[in-house]
There are 2 protein chains.
Amino acid sequence: MATSLAEENYLKIIYRLCEGTKEDISTNSIAELTNNKAASVTDMLQKLAEKGWVTYQKYQGVRLTKIGESIALSIIRKHRLWEVFLVEKLGYNWDEVHEIAEQLEHIESETLINKLDSFLDFPKIDPHGDPIPSQEGEIPELGYLHLSEVKLNETCTLMGVAKDSAVFLQLLTKLNLSLGARLEVLEFNTFDRSVSLKIAEEKPIFISHEVAKNILVKV
Amino acid sequence: MATSLAEENYLKIIYRLCEGTKEDISTNSIAELTNNKAASVTDMLQKLAEKGWVTYQKYQGVRLTKIGESIALSIIRKHRLWEVFLVEKLGYNWDEVHEIAEQLEHIESETLINKLDSFLDFPKIDPHGDPIPSQEGEIPELGYLHLSEVKLNETCTLMGVAKDSAVFLQLLTKLNLSLGARLEVLEFNTFDRSVSLKIAEEKPIFISHEVAKNILVKV
DNA sequence: ATTAATTTTTAGTCTAGACTAAAAATTAAT
DNA sequence: ATTAATTTTTAGTCTAGACTAAAAATTAAT
């Protein structure tokens, strides 16, 4: 069954909210991310349930069905592959590609996305370190930790980010934090939860808890 | 002012119909190409006139304004650049790219299309031999002739096609007619207006007038 | 020059997907 | 256990962009 642009955006956002929790997703949380009012969300949830893409019980929240999830994953796959294209082939920076990929992810063609995948040499992660789902909807488990969770004095590598808003990514760039950077946590400062950090052999810097929380690393 | 997908499609089709004639364009001809009913077209023409993209007089037909034309040209530019990308980089055949480019042409981003242009090495023509408008809306005059118009026994080169429906392009491929082929017209057959034709040094073939009319050549 | 045929427009509907305001259900607070 | 606060849904609107049927204008045919 064909999906409209609006439906695809809802499925994508419901997927994002389902990740992490086993709980059903609230109408309000969806409204916030789609920038719609709760009443509009209720409307759409009824349509999506009708089509069999979500399970939805009045007042009880919503979850993706298997089919709904596979649609969401194929959109995410397209989004991330296009981001790789924009950065690797067209020379964009990692903080510039999100909005364009939001449009490109809705281009409808199975062959296109598989040819693109091959043209890009079957990348496993996008420019923010997020895994790219396979054609079958398999999403590689990367086992990354948040920088706010690693042990003191352990050296780790910056593998990705948990948020890809432009302002966050631009801040990381200013701090000289990019994918692949070697990091060592020197101290968790109790006063403001900030983190003292060494990048490679440079002199230490301070980053906020908010930043550390959104940096993904491999030890 | 932002353009919706529907508006862009109308402008593109009005542009195509304006090419060639100095006459104003009829509601019905637009309805045919957009696959809408005449009443819907009238509606949209009034909106486009309101926005200053066409001049429109009730019952008298429609033409693009300077601004309307520049919007149309930018869509055509995007369409053709994406077609080059699909053929050159992703390995599509020339008869497979039209529908995908119809979607990609609506992606909104000035920087994207200029980076793509540069990535493709500033191509001047698309995979069907159609010229690619510049960022400023300049469209190179190529001075091609229809194969149905060339002189007998004159050798010419296949430079493009005047129609890019998949069935037509597939037929050309079957006939071994591709961009760059060296052609010599041996005879115009009066009976059915078919054309006897030599491709390079191969033995002659017959093609219909309908086909010859849609082949563009340089002598 | 009328009449007939054709084309175009108007008037009124419909659907998707948004909205607001009010009602209903759930959850939190005493 | 009620009441208050919060969340969610329902009912009713609105807009873009399509539609049909009927009216109006233009063009073609006698």
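Reader: How far is a phosphate oxygen of DNA strand D from a polar backbone atom of A:Y59?
Author: This is a predicted model, in which local features need pLDDT of at least 70 and side-chain atom pairs count only at pLDDT 80 or more, while totals for chains, interfaces and linings use all residues. Residues are numbered from 1 along each chain as its sequence is written, chains are lettered from A and ligands numbered from 1 in the order written, and side-chain values use heavy atoms, without hydrogens or water. A polar contact is a pair of N or O atoms within 3.5 Å (within protein, one must be able to donate a hydrogen and the other to accept it, and residues adjacent in sequence count only if both atoms are side-chain atoms). For A:Y59 and DNA strand D the distance is 2.8 Å.

Reader: What percentage of the atoms of DNA strand C within 4 Å of the protein belongs to sugar or phosphate?
Author: A residue is near a strand if one of its heavy atoms lies within 4 Å of it. Polar side-chain atoms of B:T42 and B:Q46 lie 2.8 Å and 2.7 Å from phosphate oxygens of DNA strand C. Bases make up the rest of those atoms, and the sugar or phosphate share is 81%.

Reader: Which helix supplies the largest share of the surface near DNA strand C?
Author: Helices (H or I, at least four residues) and strands (E, at least two) are DSSP runs, numbered from the N terminus. At least two residues each come from α1 and α3 of chain A and from α2 and α3 of chain B. With 4 residues, the largest share comes from α3(B).

Reader: Which strands stand at the edges of the sheet in chain A?
Author: Two strands pair if DSSP finds at least two bridges between them. The open sheet has 6 strands in the order β3-β8-β4-β5-β6-β7, with antiparallel pairing. Two of them have a single partner strand each, so one side of each lacks a neighbour in the sheet: β3 and β7.

Reader: In β8(A), which residue is the bridge partner of A:L145?
Author: β3(A) and β8(A) pair in the antiparallel sense over 2 bridges. The partner of A:L145 is A:V217.
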